[in-house]
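Biologist: I'd like to go through the charged pairs and one of the helices. Can you put the model up?

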Amino acid sequence: MANFCSNCGSPLADGANYCNNCGINLTDPDATAYKEDATWAAMLLMTNGRLNRLRYIKRTITMSIIQGMVLLAAGLMLTEEHSANVPPELVYLTTFIALLSLIPEYCWSVRRLHDMDKGGFIAFGEFVCGLVLVFGNYTMADGDRPDQLAATLIGAFIYIYLAISFGTRGANKYGADPLGRIADGKRVNWTARTLSLSAGLLLLIFLLALRQGLASQSL
């Protein structure tokens, strides 16, 4: 298993004391240790580096609580005459807040995937699901909304996958281990694999049922 620089993620030669790419002293524990986000901008907008499970869960739950409080405050501002027709300004405000919250959530998902030594493609899929849920409120449709249901299920599966999957022990190509562990060889993450397989099967069943339902309505 290759060793990686905890600062820049470049591969290291066996027994190297310095990184050939960034020049960091690999024998200095302070230099190679995981560095927590020092600013709000780094915490909310940075996609570099890694994010362990506990930090990911705490941040996403905090964001959900903030969103809920904003929506609650918006609901309290409505009067009885607004119950049928919500002011457009309030709709625009809540939509803007929802879209704004997707940005840090996407960044956290990318870093969580980095912790698992994976790229950010899955996080982009989660981001698209969020866009579908937000902009779905502007389209009128009778009956159930298959797109909204599919986006909700896919987004939930991705979140659970990111929340329970183990990170790589030791440094990987995305940076230092947030938990400060030392690499002890590659292990199979059976929890993540089992969840991924279950989510894939459930999604397949849902799509087949949706196709059957649409076909029966067209008859």
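Biologist: Is E36 buried or exposed?
Modeller: E36 counts as exposed, because its relative accessibility is 59%. Buried means under 20% relative accessible area, exposed over 50% and partly exposed in between, with a 1.4 Å probe and protein chains only. This is a predicted model, where local features need pLDDT of at least 70, side-chain atom pairs count only at pLDDT 80 or more, and totals for chains, interfaces and linings use all residues. Residues are numbered from 1 along each chain as its sequence is written, and side-chain values use heavy atoms, with hydrogens and water left out.

Biologist: What does the side chain of E36 meet in a salt bridge?
Modeller: R55, at 3.0 Å from N to O. E36 is in the loop between α1 (29-32) and α2 (40-45) and R55 is in helix α3 (residues 53-76), so the pair ties together parts 19 residues apart in sequence. Helices here are DSSP runs of H or I with at least four residues, numbered from the N terminus.

Biologist: What's the cut-off for a salt bridge, and how many are there?
Modeller: A side-chain nitrogen of Lys or Arg has to be within 4 Å of a carboxyl oxygen of Asp or Glu. The count by this rule is six.

Biologist: Which residue does R59 pair with?
Modeller: R59 forms a salt bridge with D37, with 2.9 Å between the closest N and O atoms. R59 lies in helix α3 and D37 in the loop between α1 and α2, so this pair links parts that are 22 residues apart in sequence. R59 is buried at 13% relative accessibility, and D37 is buried at 15%.

Biologist: And R111, what does its side chain meet?
Modeller: R111 also meets D37 in a salt bridge, 3.0 Å from N to O. R111 is in helix α4 (residues 88-115) and D37 in the loop between α1 and α2, so the parts tied together are 74 residues apart in sequence. R111 counts as buried at 1% relative accessibility.

Biologist: Which residues do shared partners join into one network?
Modeller: R50, R112, D115 and D177, through salt bridges.

Biologist: Changing topic: which residues of α5 are buried?
Modeller: A123, E126, C129, G130 and V134. They cover an arc of only 135° around the axis, which puts them on the same side of α5. The arc is taken from the directions from the helix axis to the C-beta atoms.

How values were computed. Helix = DSSP H or I, 4+ residues; strand = E, 2+ residues; numbered from the N terminus.
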